[in-house]
Every structure is written in C-alpha cells, then in structure tokens.
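Reader: Hi, can we walk through this one together? I'm new to reading structures.

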4 protein chains.
Amino acid sequence: MKVAIVGGTGYGSIELIRLLQMHPHVEVSAVVSHSQSDSALADIYPHVTGVLNYTLESMDIAKLKESIDLVFFATPSGISMKYAPEFIENGVKCIDLSGDFRLKNLDEYEQWYKGLPAPKAFVESAVYGLSEFYENQIKSASLIANPGCYPTATLLALLPILKRGIIDPNTIVIDGKTGASGAGRGLSLSTHYTELNDNVRAYKIGEHQHTPEMEQTIYAETNQLTKVTFSTHLLPMTRGIMCTIYAALEEPLSTADVLQQYRGFYQNKPFVRVRSEGNLPTTKEVYGSNFCDIGVHVDDRTGRVTIVSVIDNLVKGASGQAIQNMNIMNGWNQTTGLMQLPVYP
Amino acid sequence: MKVAIVGGTGYGSIELIRLLQMHPHVEVSAVVSHSQSDSALADIYPHVTGVLNYTLESMDIAKLKESIDLVFFATPSGISMKYAPEFIENGVKCIDLSGDFRLKNLDEYEQWYKGLPAPKAFVESAVYGLSEFYENQIKSASLIANPGCYPTATLLALLPILKRGIIDPNTIVIDGKTGASGAGRGLSLSTHYTELNDNVRAYKIGEHQHTPEMEQTIYAETNQLTKVTFSTHLLPMTRGIMCTIYAALEEPLSTADVLQQYRGFYQNKPFVRVRSEGNLPTTKEVYGSNFCDIGVHVDDRTGRVTIVSVIDNLVKGASGQAIQNMNIMNGWNQTTGLMQLPVYP
Amino acid sequence: MKVAIVGGTGYGSIELIRLLQMHPHVEVSAVVSHSQSDSALADIYPHVTGVLNYTLESMDIAKLKESIDLVFFATPSGISMKYAPEFIENGVKCIDLSGDFRLKNLDEYEQWYKGLPAPKAFVESAVYGLSEFYENQIKSASLIANPGCYPTATLLALLPILKRGIIDPNTIVIDGKTGASGAGRGLSLSTHYTELNDNVRAYKIGEHQHTPEMEQTIYAETNQLTKVTFSTHLLPMTRGIMCTIYAALEEPLSTADVLQQYRGFYQNKPFVRVRSEGNLPTTKEVYGSNFCDIGVHVDDRTGRVTIVSVIDNLVKGASGQAIQNMNIMNGWNQTTGLMQLPVYP
Amino acid sequence: MKVAIVGGTGYGSIELIRLLQMHPHVEVSAVVSHSQSDSALADIYPHVTGVLNYTLESMDIAKLKESIDLVFFATPSGISMKYAPEFIENGVKCIDLSGDFRLKNLDEYEQWYKGLPAPKAFVESAVYGLSEFYENQIKSASLIANPGCYPTATLLALLPILKRGIIDPNTIVIDGKTGASGAGRGLSLSTHYTELNDNVRAYKIGEHQHTPEMEQTIYAETNQLTKVTFSTHLLPMTRGIMCTIYAALEEPLSTADVLQQYRGFYQNKPFVRVRSEGNLPTTKEVYGSNFCDIGVHVDDRTGRVTIVSVIDNLVKGASGQAIQNMNIMNGWNQTTGLMQLPVYP
C-alpha cells in the first residue's frame, strides 16, 4: 500500500516515517511539506541519512490522488480541512492527526481553536480514531480524526469506569503533564532549552483545545453532559504524557475492584496495559511505543480514585495510533508493525 | 550567634550552610554527622573547597550545649526526637527540619511515619514553623517543627481562601510535583539518573506522610475536619516543587476576585509573591530563593479554581524557611540574609 | 535459532531483549540472572509488561547447553570467563559483551581490570567483534569478544585514516563523552540524579580500561605501537557516546579529502554513516539505533583534524553490535533485525 | 556607586542584576534595552517580581553620562563599540562583556567576528579583564574588555604552566563543553529543548571567535606565537563550562608537581581553586558562583597532562568576572559581593 505524509518537517511526520519503516505492508511514497519543499529530508533530519532519500514535495493533489492509497496529515490546525475533502472525494482515505475534524460541534471548534471549522459534511462523516473504542466505525471510515495526545491518555483511563458508573462525572480533575515534543519543532521561549531545563510550567489552564474533545467523547459514551477540569504542564523531558486523573467514587470500591473493571474492559486490547495494584506506570516505560499503561489507586480516606495513565505523545498520542487505525481500516491485525518494546532506559 | 547543624551530609544541611554563609548575624560553629564524623566537609561536598573548612563532628551534646545558641536538625525521621529535648532543657533552641515534631496527634505520626513518636510534651510545645501564619508563636518558641516542603507550598496556597470560605474544603485535590533533591542524597533506583531522566513517576499516592500535616493545619486554621486528596510526582529536575491545587468555589468569583484575596492576605509577607492574572509561576522562577509564588485561574465552566504554587523545596521548603524562623525567633527582620534573587536561568 | 542472555537485569541485557524481539530468526529462550533468579522480568522492568513473560533463571549450564545455540553475556567483568569455556566446549557459541576476552595480553588485563584474566586458550581464540573490520574472522568464530562502547566509536573513526597513514599516531587525543546508561543500573553517587543533572564530570582520566583495547587494535591494524591520550566524561543524558578525536595530519589535506577516504572505506558498511562537510553528528541522531555517524573537520591553521564519532552506547556500543556479529556468524545479512531508524526526537 | 546595565533582556544582564543585588556598594540605576524599552523587567523575567521594579529604558547617553559612574555592556557584538567611546570621553567607565574590544588586531576581529571592528584608539586602551592576571592594569582602566567564557576557563588553566615552560605550546588541544545559557536567550533549533535534551552537539569546530582571544593572551604572556586546537560542544545543561585541555609535557613531571605549580600561582587568588590529586571538578561544583576550579592529571604513559577547568559561564565567564573587575577598578576587595557558595545541588 502506498501512503503520503503531509507535514513533512514536524515531529508527527518524522515519527510516522520512523514507524512506517518497520511496517511490512506500507510504502511511504511521498512526503509533502509546504515550508521546505525541494529540500532533502536528510538535510532537515540528519538521523535519516543513508536510510531514507526523500525529497520533500509541495502539495500536488492531482498527482497524489492517482498514486496514493492513503494520506496522513501531520499538520497544524487549518491545513487538513483544505485538502482532505478532495482526496476523499477521489477515493483516497485520510487520517488526520490534527484537530480539524475532531469536534462535531463547529461552534466549539471556532471557540477553542480560534479559527474557521472544516466543512460540515466531512466533520460529520469523520470517525474519531480512538482505536480501542471505535474499531468498527474505523474499519469502514474514509476519514479518521485521530485523537489528540491528552484525550487519548485521558479517555482510555476514564471511559471504562465512566461507562460502568463507578465514578461521579462531575468530580473529574485531569492533571496533564507532557514532554516538550508535544509542542512541536516550532521555536518558542517556553521550549527554549535554558528556560525549560530543570523547570516545570503550567500552561493553558482552562483553555486547552483538547477539553471539548474529551467532553464530546464522554458524552458520546455515557450520554452525560460533563465538564472536566483539565490542566496541562510542560515538563523537562522530550517524550511522554502522564495524566493523573482524580474522581469521586460512586460507591466504596477497592483498588483491586477497580483494576478488575479495567482488566475486563481491555482484555483483548493489546496496546492498553493495566498495571497491578501498587504498580504505577512511568512515561519512560512506554517510550517510543504504542502502549497506554494505566495504574490505579483508591483512597479509602477520601473516597476518591486516582488513575495514572501514560503514553508516548508521539506514538499512541499521534503517529502510532494513526498507524493502528490504518491497520484497522485495512483489515490487518491492529498491531502490525507496531509491537516494538518501549526503548528503555 | 552560634549555631550547630545536625545531619551534615544531607542536602538540607548543605543548603543551610550555603544560606547561613550569607547571613550577617550567624556563625555555624559545628556541623554534626553521625555517618561521616571526622571527614572534611570539602571531601564530601567539593563545592565548598577553599571557602569552608569544617570537619564533621559526632554528636556531643555536652559540648554543644555550652557553646551553641541554636541547633538546626536536618536529619531523617527519628533523630531529632532523640536529641532535641536535651538541648531544649539546657536552653538551646532547636529548629527541626524533619517531621518528628509536626504532628500533634501521636497516633497519626505512628501511622504515617511507621515509627515511634517523639515525647508528647515536646510535640505539644513545638510550634509549627509556617512563618507567614505563626509569626507570633514562633517568636517565643524553643522548638520549631519546620514544615515539610509539600505542606509549605500547599498551605500557603490554600489557607487564605479556606479561611475566607471561598472554596469547598471537601473538594480539594493537590497534585504535587517535585525535583529529585527532595528525595535526598541517599541512593535509590527511582533517583538513579538513567531511570529518572526524561521520565515522570507518580509515587506514594494516598500514602504521603505530608498528608496529615496539611490536614492538621487546615483544621487548626478553619476548624473544619478535611480530608485532602494528595498525590506526588517525581520530575526530572533537581530543585523545585509545584503544587497544582484544584477546588470547587463556594460561589462564583473571577480570577481577579480570588487574586485580590491573596494580595490582601500576603501584602506584608515579603516571601509570598502573588502573580497577576494570566501569569502562572514556574519552579525555576524561585530557584535557590525563599519565595513562594502563587498563580490562580478560575474556570467559569466548571466552577473550580486552579492554584499553582511553587517553591524551591530546599529553601522555602526546608532550609530557607528554617532561617526565616530563626530570624523571627531572634527578633530580626525575617528577610535577613534571605533576600537573594532566584538564580535564573 | 535459540539464544540465552546472561546478565538479565542490566541495561545491556534489556537492550538485547528489545532488539532481538524485532529479529526474525531468533528466539530468546532463557534470561539468566544470578542476583534476581526466579523474579519475573516484568517486575524488574515494567516496560515489558504484557509483552514478555520471562522468569529470570539461575545459571544451569547443563540444561542450557542442550537447548541453546548461542549465549550472550551482558555481565560485569569476571563472569563470562567462568562460564563461556564450558559452553564453547559443548558447541554453544558465545558473544561476550564484557571485557573478559578482549585483551590478548593477559598482563594488561590484570593491570587495567584489576582482576585475574580469562583462560589463555580462550582469550587467544576469541575474535574481537568490531564488525566492520573483522567480518571474516567473526564468520567462523565460536567466541566473540564484543568491543567496548568507547573503542567502537573511536576505532571506527581512527582506523581508516591510521591505516592510510593520514595522521600521526603519536598525536592522538580522544575526548570521550557518555550518557549515564553506560555506567549501568548499579547505584552510585555520580549517577544519582541530583548529582548528575545539569552537570558534567570527567572520570577515570588516564585510567579507563578501554585504553589498551584501543591500542591493541590500532597495533593490529597498523603495526605501530601507539599510546593514545583518552579521557572520559559523564554527561547528563541517558544514551549516547560522542568521541571527539584530535590528531595531527601527516600532510596537508582538506576536510573533503579526508571525508573521501572515509567514504571509500565505509561504502559497503551500512551502519557507518559518513557525514558531509560542515555536518557533524549529534548523539541523538543515532539514538536507539546501530549506526555510527562520523563527521570531520580539518583545521588548516593548526594542521590537525578533528573527528566527531557518535554511537548509541547500548546499541552499536554493546547489544546492537553483538546482534550484528550474531548475524555475521550465522551467514545472515548483517543488518537483519537491526535497520530501525534512530528514535528522533 | 551608580551603574547602568545595557542589554537588559539577555542572560548576561539578568545575571549582573542578580549579583549586583548582593553587592554592598553599588546601585543599578538604569537597565537599558533596545528591543524592549518601556517594558517592566518583571514582565520579561518574572523571577524578579516583587523585588525589582525596573522599567527598561532606551539608550540615552546624554542622561546616563550625568547620572552614572560605570556602564556594563552585556550586549551582542557590534553594540558596545558604538556607545562606549562617548561614555568614556565623558568620564564614565565601561566594562564590556561582549567581544568588541578584546582583539588588539583589528583584522582578526573582522575575520572571526565577521563585522567591522571598534575604533582603534579604544581597542588599544582597553584592558583585557582576566582579573587574576591583569589586576594592576584593571585598577587604572577606563574600559575593560571582559574575557569570553571559554577563554576564561582555558587561560586560567593554561597560563600558569605555559609561563613556567612546563608544556609544549604547539601541542595544546582544548575540548570545550558548555551549557545552553552560553548561547543566550535568542531562539534557535540547536537550543530548542526537544533537540538538545539527551543530546550533545559539537559546533563551530575550528571557527569559534574565542580562538584568537586565547592565542593573543598566550602570546602576551609567553611571547610565543601559538595556534591552539579548540573545539566546542553544546551539552544538555543550563549553566557551566568545562574545558578539558591536553598538552605534552616538556619534561617528566608528576601530577603532584604540576599541581604545586598551580598552587603557587594562585595562592592569593580567592576565585581560583586548585583541586587535590585525584579530585577533578564538575561544573555543578561552581554553579552560580565566581569560582574557577582546576584539576590535573599527568599520564606517564603518554607524557601528556590533562587539565580540567570549570566555571559558571554566566558568572566567572561573564557577569561575575565583570563585577570582580569593577571591584578592582574601585579599589575594593575583589571578592566584595561575590563570595557566595555555589548552589549545590
């Protein structure tokens, strides 16, 4: 199968390229970059020297739609909405790693993303690519709205116990912690080495555009309108997201009880690993891999449960899940090309 | 004034030594270390080479009580309770950076610290050294139970709005984040460089011994029995604590309203800096200094307030606050020797 | 093919396990650990949870020699010399990642490793596994002395120009820089997070046991007795070695001239990537991969050449090169299972 | 005494402000910034909130020359040469932290700095502010060319043994390693957090503008024309420079012999700390302080000496040495306001 990657100089794109190089059924035929077309990829990312000889191309839909089976968009907001419709109308499937097609409510898109939304018909037909929950819809989708990194870590941790009514949805607090790669390769003072090293910074408190994405999916799965408290912190590390999630239990349960619920839920989901009691995951334990690891602690004193969910933001939080979705769309085993162990240490 | 420092090879001790070297009224006359007595301090900490010529001493109360005015204990749990009583009975004041004298309820001490408590009379007479709240009691104290690092960051953030009834005490969630120096100089796998670099680890969820210390002080200030949800995370950085604190507002207030409450509360407290709206502190902005910086965000959607409180765990969270308390005990300006700017970057 | 790994709880072992999981022809049948036998690997390294179910075994040569085709030793000095001979005598090939069989001169072993050497006959028959230089000998070897991390980075950089007489061997200075994983998982103050973060430490200046290994190979390849100046530095990073190497040119040459020599030398060596002029490699550009990247700068002012050579110390500097050697021993393409791109960023 | 600081938003300036706040005799009366005039310093550097209320000013020489006794320039190349002459002609002394007045040979300035040099008369009258070597000239200077960070660490290590003829000047190799703060606050890909974390990068090999500064001073002190091999590496840390320096001994000497030479040389120099045998300094051991620590190892095998010299690039490598020079110019003890211990850990 031949695929194109749009957004060639970003970290999402380069991670797609790394992961697809290990995929047995896929060839990356084109890497498209608006800003760096005609450059050699190896000049921008020297780590591919001698292995990959891509020259970045400008977008040429007419050419691509003839030669390509599927397009990954690893682009900033506002780009995929311009190009994906034409690809889809020409039978080329699209997996969009940006937020353009995630929010069904177009007003919410405008409000949180501060820009015009994608065409309504395409937003409606887009399937939200949280692989563990929407496998059936993904199978037949033409357009995947690949989830954001924080929503992936959060929803995989929350949905099982929300669906089973174990926690009170009005008490959810999500404390998100991310490595700097989530902010991309664009330069900024807050990701300047000297300013971030040995430092931790809270950012976008109450304003993060991933908030409505979480709430929309919680509503879809539970039929309950919920407003979550979601905060985000930039940590001095390259990769990894940890979401520490707090909620009040609806009734007294032990840590073992709650873990059993998760285990039942994810028993056939190879990329979600539920840890044992007393064993909380760290981000490095999923580094470079497509796993989401979940640990749980119930505090009898307070009647609250704390859930620790970790992913690699560039893999399960972006490019890895996109490939998992591509596998599902093609009827392949969803783990195809993705079962590498985390890089540890 | 002549002081001794007990616990000479730990980070708390070495930070006391650094800070006291800049203090105009104090001379460190003895540095006591059980494990390394007779070693030169410069052999254990080469950064003091050529400046300080201390030889570590074993504990000799008989000698010290004659020559010393005040003792700092920067020791693990269970040590100061053995020695402080004799010093106090001989008129030598003590400031204890460990948890030995913090919990008035001796059962709670046994439960959370897993060890026998200090003598009841001394626990009762000990003054909790949260400088901004107990200045009057500190003035006349013989024994200071210097607060823990997390309680300092948390209580300075919570007490003003709890005392004024702005938040619901039953909804408090405290997400703590610390650098590795808080775990001390003792070796462990979780603070092995290779395991912590580029990683974040949740630890002691629901079990941290600083929990009852927070609850005891909240009760003392508000007369309300409260159980807080408190979690802690080890971050890949050396110094710094950030506590991100969540609570439900009792009535609708704006961020500006809440900030005004803090400003009123701390207007004469030189070490607490309340940030302006939209401006959240990072840990590096207090690095090496005795400041506690507080930022606030009210989320109208959820009716919750998020407070971000940062300190340097070794300064305001330990040695700096101990010196601030020493200043108060001696009737000096509490900022004496402590008003250095943070080391930035 | 069935292999065993001895030294199951170290970083070399866990990296062998990660890499071999991607190898199409090999099954890891046993993971041997003296210190942790009967433990589940996933309890010691939670990142393998749900993927690998190994229980660590104690060493049982009688059993292993019947069931295993090849043994990797990822052990401290002094271990493989005890066990490898019996395996080899029973027809089980061995690849030793430790230094036990590297030094042909047993006196040098005693001097630099401060311990008794391996049996002479086995040292003599051992083949030094610098894959790019000893492919023919490796093919028919029973026992591979896998090179050290620093010698790998250094010799791949030095041998081509030494063999062609381009530099004066008496002027070689090697400034080595390593991440902390090279020091292993054993705890020490110099790899305690708080002590290494934001710090750089020179260590073992003039005493590093990799020195005679370099000199022995230089002699073998050039017939010149050479004494190199070699220093090592511990950097605040997890993986990666950079050797910055200085030498006087024998005659005036341009950077382009020297690069051409390297390119000729390594044109059929897929894991050595010679960079273009003005393009010096960083360690992260080989992170997690088996590549050695080399950059060159000739300084006309001084008549010296500076060579920058980088590897991932755990891959090309240890486990990756061991697998490359296993591939060669088995007549497989040497890149089998090893051509993953570096993990970047 | 009243001083002004020009270059208000850079790290050199903010470090001057931090250090001068602890100086008993100096008041910073103005902070000048071209790019951010009229901004509050606390908006650009929140860590000064509540302590310093500076508003950045545009350059107004007419005003400043009336009110100010001394100006520090912490500016990029090409700025101080425009303004310092007028200040000096009006009796205001200048200390320039940039390279504008360091190179006596104006052609060399053009060649290495790629710009037009400062006026010849001012370059000639400028005193090179390596405090330990030029105290007498500094005392009477109007204009100080404050040394670069690498030359400070290198020259303090090299000059004593060069002056005494212990090493062969034609064999000097300097391997420089720096934290990212040396590159300033300006954004660049190589100091983007994600690109530098867990990475090490060689840069400006053979092209660093500090090269002629070192050679000029070596010539001034030894009367020998010398060409040094100098390379620089960017390390994943905030502060600190380590120069590892290699040279051939002119005659056999032990480590103890060489250390004795250093000790004799620096016995009355409080900021240079010569370590004992077997004790090599790390950068963190001078963090935030004005010390330069030097360790030595003689390798009998090769006849070469290795010297490890560390400084904090922002203190002894820039702002601290500038204040040391100001102290000397004013006849104060050179340690005034500068004897704080390093911040460790």
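**A strand and its neighbours**

Author: Start with strand S7 (residues 173-178) of chain A: six of its six residues are buried, so the strand is largely enclosed by the rest of the structure. Buried means under 20% relative accessible area, exposed over 50%, and partly exposed in between (1.4 Å probe, protein chains only). Strands (E, at least two residues) and helices (H or I, at least four) are DSSP runs, numbered from the N terminus.

Reader: Is this an experiment or a prediction?

Author: This is a predicted model: local features need pLDDT of at least 70, side-chain atom pairs count only at pLDDT 80 or more, and totals for chains, interfaces and linings use all residues. Residues are numbered from 1 along each chain as its sequence is written, chains are lettered from A and ligands numbered from 1 in the order in which they are written, and side-chain values use heavy atoms, with hydrogens and water left out.

Reader: Back to S7(A). Which residues point which way?

Author: A:Val173, A:Asp175 and A:Lys177 point one way. A:Ile174, A:Gly176 and A:Thr178 point the other way. All are buried.

Reader: Which strands does S7(A) pair with?

Author: Strand S9 (residues 229-234) of chain A runs parallel to S7(A), joined by six bridges. There, A:Thr178 has A:Leu234 as its bridge partner. Strand S10 (residues 241-248) of chain A pairs with S7(A) in the antiparallel sense, also over six bridges. In S10(A), A:Tyr246 stands opposite A:Val173. Two strands pair if DSSP finds at least two bridges between them.

Reader: What about chain C? What is the strand order in its open sheet?

Author: Seven strands, in the order S8-S9-S7-S10-S13-S12-S11, with mixed pairing. The edge strands are S8 (201-203) and S11 (272-274) of chain C, and each pairs on one side only. Neighbouring strands are turned by 20° against each other on average, direction ignored.

Reader: Which helix lies across those strands?

Author: Helix H8 (residues 149-163) of chain C, running at about 35° to S10(C). Axes are lines fitted to C-alpha atoms, for helices over the stretch in contact, and angles run from 0 to 180 degrees between N-to-C directions.

Reader: New topic. Which residues touch the most other members of the largest nonpolar core?

Author: A:Phe72, B:Phe72, C:Phe72 and D:Phe72, in a core of 373 residues. A nonpolar core is a set of buried Ala, Val, Leu, Ile, Met, Phe, Trp, Tyr and Cys residues joined through side-chain atoms within 4.5 Å.

Reader: What does B:Phe72 touch?

Author: Its contacts (heavy atoms within 4.5 Å) include B:Val3, B:Leu16, B:Ile95 and B:Met326, not counting residues up to four places away in sequence.

Reader: And B:Thr49, is it buried or exposed?

Author: B:Thr49 is buried, with a relative accessible area of 18%. B:Thr49 lies in the loop between helix H2 (41-44) and helix H3 (61-67) of chain B. Among the residues that B:Thr49 touches are D:Arg273 and D:Arg275, again leaving out residues up to four places away in sequence.

Reader: How does chain C lie on chain B?

Author: By a turn of 180° and a shift of 0.0 Å along the axis, with an RMSD of 0.0 Å. That is the relation of a two-fold axis. Copies are superposed by least squares on the C-alpha atoms of residues with pLDDT of at least 70 in both.

Reader: Which residue of chain C comes closest to that rotation axis?

Author: C:Tyr193, at 2.0 Å (C-alpha).
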